[in-house]
Amino acid sequence: MDQGRDPLVDWLRQATPYIHAHRGRTFVIAFGGEALLDARFPDLVHDIALLHGLGIRLVLVHGARPQIETRLRDQGAELRYVKGLRVTDDKALACVKEAAGMVRVEIEALLSLGLANSPMAGVRIPVVSGNFVTARPLGVIDGVDHLHTGSVRRVEHRTLRRLLDQGVVALMPPLGYSPTGEVFNLSAADVARSAAIALGADKLIFLLEDARLTETSLIAPNLLAPEVDRLLASQPDMPDEIASCLSAGASACRNGIPRVHLVGRDRDGALLRELFTRDGSGTLISAEPYEDLRPARIDDVTGILELLTPLEEQGVLVRRSRERLETEIERFFIIERDGMVTACAALYPYAEDGMAELACLAVHPQYRGDRRGDRLLDHLEGIARSQQIQRLFVLTTQTAHWFQERGFQPSGLEILPMEKQALYNFRRSSKVFIKSI
């Protein structure tokens, strides 16, 4: 009897490559003080404990804004902001220190939880916090003295690395210290960015409170650092939290961090979805394109076959053996997403006729609708033009409209190169379409 597929088993199988890839890596995870006020915060701590159990080296950077503001209100004061920058006077600094200490203790307590029948049962996670950050004052900007507000000067990365090597979770508050013994109020985003760069972290992850992050109209799911700059310039009214994390993320990418993730904390399990699924749940800032369009290599054959085989079985494409694909691999181009071939196409030139065949254009069903087919077509048209090819042709049985919408015109068999005419399969009765380029 067919009992159907178990979603849990499927998910674990799909997550396995990421589990192997993340083991031994260093992740810096930043979240605001708002997270602690959420009744679901223990769930986030459980997810963090799972990452630790999977062998991921963790640095946690926490904010404390709501806790600080509560203490200031109780004293009839408030934290001043001038042009988006905090001004931390003596009273505010005392509240910052008190709030940061309280937040640290609460996080440590939850990471120490080991009750039976809970996700933390039998788990012991050592947590260390300390004076890892040396800071400098922001000083006087546009005539305003920002007093005890500072910026990161240096992160003690050697000590942090030794602790991470021992399986310790490092907890970093939004505080910094000067060689003269002063304490400075810092931006958690600045601390997280600086820690990631100093450690050469594999990932920097911001868990954001603003639910608008998940709206694709606000932020695209994949961004390069220059695209972040343009986005910030075009949207000056972007929420401060998102803007500061975007800016910090782009800076981190420019300084060697390969991937920065912005994840909305409002969705339960968003951190795990971002790290253990191919499409994630937030916005990825990367130093290099997340999806790479490139010439295929011999080790891409399996991925291409997985893409082509269902279409061959449906009669959409002509069947190709592995052996043939291996011998023709230099004709293929692919779009790769995190190690998976999501689209492919091949170009077969007939130089003497000034023509080339576009073949095997295929996009994975889960990744259709985002112009991957168009990207491949544009790329191959450019390559054909560089080889003095004047016309592209395709033979298709079921996708005629797609090609016609992109400038291909129906044609007769006689227009094809003689070599191709000799190989034409009359049983398939493929339609011929041609495009001048």
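Predicted model: local features only at pLDDT ≥ 70, side-chain atom pairs only at ≥ 80, totals over all residues.
A residue counts as buried when its relative accessible area is under 20%, and as exposed when that area is over 50%.

**The whole chain**

Begin with the entire chain in view. Its C-alpha trace spans about 85 × 60 × 35 Å along the principal axes. The secondary structure amounts to 15 helices and 23 strands. Of the 437 residues in the chain, 48% are buried. Among contacts between residues at least 6 apart in sequence, 70% join residues at least 24 apart.

**First stop: C360**

Select strand β20, residues 355-363, in which C360 lies. C360 is not a glycine, yet its phi is positive, about 55°. Is C360 buried or exposed? Its relative accessibility is 6%, so C360 counts as buried, the limit for that class being under 20%.

**Second stop: D142**

Next, select the loop between β7 (140-141) and β8 (144-145), where D142 is found. D142 also has a positive phi, of about 50°, although it is not a glycine. With a relative accessibility of 61%, D142 counts as exposed, since the limit for that class is over 50%.

Then select G167, which follows α6 and has a positive phi near 85°.

Finally, select helix α4 (residues 65-74) and helix α5 (residues 90-111). The two pack at an angle of about 130°, and their axes are 8 Å apart. That angle makes α4 oblique to α5. The crossing in which α4 passes α5 is right-handed.

Which residues of α4 meet α5? On the α4 side, display Q67, I68, R71 and L72; on the α5 side, display K91, A92, C95, V96, E98, A99, M102 and V103. By class, this contact of α4 with α5 has 8 nonpolar, 1 polar and 3 charged residues.

Definitions and conventions
Residues numbered from 1 in each chain as written. Heavy atoms only, no water. Helix = DSSP H or I, 4+ residues; strand = E, 2+ residues; numbered from the N terminus. Axes fitted to C-alpha atoms, helices over the stretch in contact; angles between N-to-C directions. Parallel < 35°, antiparallel > 145°, perpendicular 65-115°, else oblique. Left-handed = near helix turned anticlockwise from the far one by under 90°. Contact = heavy atoms within 4.5 Å. Nonpolar A, V, L, I, M, F, W, Y, C, P; charged D, E, K, R; others polar. Buried < 20%, exposed > 50% of the residue type's maximum accessible area, 1.4 Å probe, protein only.
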